Amino acid sequence: TNVSFAPGSTISVISNRAFFGSNITSMHIPNTITIIDVFAFAYCDRLEEVSFEEGSSLYQVNEGAFYGCVELKEIYLPQTCVEVGAYAFYSCGYLTEDVIKYSKVNEIGKYAFANTNIKTLDLKIIKIDEYAFSNCLNLEEITINGYENKYNQILENAFYGCNNMTTLTLPKATTIGQYSFYVCRNLETI
């Protein structure tokens, strides 16, 4: 099942639990959407692909928006997106690509990408919250660039259990919290 919006749609928010647990397989989000709200697509266990119309206005993906979308394989947040809330992509096990690589996300909430299969990250970020990428077992390489004149933070357990991580680049990280890279057994280069 595909979901699309009528041409000229003026909808700006996909509200709380709007598609929670539905059987949709793909979604094309119009450029008028600014927020994907709390648990909007949570437990859509057949959802495989989410795309955004050119000129997207999306700036926020809220808590649990795609929580438990176990078949989600493809989504690239648009350049306008600056915040990913807690648990936003939690346990989206088929996610292997850096879904925020084209965006300007500067804040990632707790457990936002925990239990996904993302392989590489290249972030320019202000805050990575607790357990944000915990147990990303395929994550191998991370580059984190902070912002000038900002308080940049990687909070506790942010990358806990990322066993395959071998390379980490932190040129502008201001604060690294306790256990941020705990049980990253293969980390060799910082």
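## Ground rules

The model is predicted, so local features are given at pLDDT of at least 70 and side-chain atom pairs at pLDDT 80 or more, while totals for chains, interfaces and linings use all residues. Residues are numbered from 1 along each chain as its sequence is written, and side-chain values rest on heavy atoms, with hydrogens and water left out.

## The chain as a whole

Let us start with the overall picture. The chain has 0 helices and 14 strands; here helices (H or I, at least four residues) and strands (E, at least two) are DSSP runs, numbered from the N terminus. Read along the sequence, the pattern is β-β-β-β-β-β-β-β-β-β-β-β-β-β. The radius of gyration is 16 Å, close to the 16 Å that the globule rule gives for 190 residues, so the chain is as compact as a globular protein of that length. That radius is taken over C-alpha atoms, and the globule rule is 2.2 Å times the number of residues to the power 0.38.

Along its principal axes, the C-alpha trace spans about 50 × 35 × 20 Å. Of the 190 residues, 44% count as buried; buried means under 20% relative accessible area, exposed over 50%, and partly exposed in between, with a 1.4 Å probe and protein chains only. The chain exposes about 9,000 Å², of which carbon and sulfur atoms supply 44%. Such areas come from the Shrake-Rupley method with a 1.4 Å probe, and for residues only the protein chains shown count as cover. Among contacts in the chain with a separation of 6 or more, 38% join residues 24 or more positions apart; a contact means heavy atoms within 4.5 Å.

Now to the sheets. Two strands pair if DSSP finds at least two bridges between them.

Glu83 stands opposite Glu107 in β8.

## The sheet of 3 strands

Another open sheet has 3 strands in the order β9-β11-β13, and its pairing is parallel. Its edge strands are β9 (120-124) and β13 (167-169), each pairing on one side only. Neighbouring strands are turned by 5 degrees against each other on average, direction ignored; the axes are lines fitted to C-alpha atoms, for helices over the stretch in contact, and angles run from 0 to 180 degrees between N-to-C directions.

The strands β9 and β11 (residues 141-145) run parallel and are joined by 5 bridges. Leu121 has Ile142 of β11 as its bridge partner, and Lys124 stands opposite Asn145 in β11. On to β13: 3 bridges join β11 to this strand, again in parallel, and Ile142 stands opposite Leu168 in β13.

## Two residues to look at

Asp122 is found in strand β9. Leaving aside neighbours within four places in sequence, Asp122 is in contact with Asp98, Thr143 and Asn145. The C-alpha atoms of Asp122 and Ile100 are separated by 8.7 Å, although the two residues are 22 residues apart along the chain.

Ile144 lies in strand β11 and counts as buried, at 3% relative accessibility. Its C-alpha atom is separated by 6.9 Å from that of Ile125, 19 residues apart along the chain.

## Further pairings and the core

Strand β1 (residues 2-3) is joined to β3 by 2 bridges, running parallel, and the bridge partner of Val3 in β3 is Met27. In turn, 4 bridges join β3 to β5, also in parallel, with Ile29 opposite Phe52 in β5.

The largest nonpolar core has 52 residues, and those with the most contacts inside it are Phe41, Phe66, Phe89 and Phe159. Such a core is a set of buried Ala, Val, Leu, Ile, Met, Phe, Trp, Tyr and Cys residues joined through side-chain atoms within 4.5 Å. The elements giving two or more residues to this core are β3 (26-29), β5 (49-52), β9 and β11.
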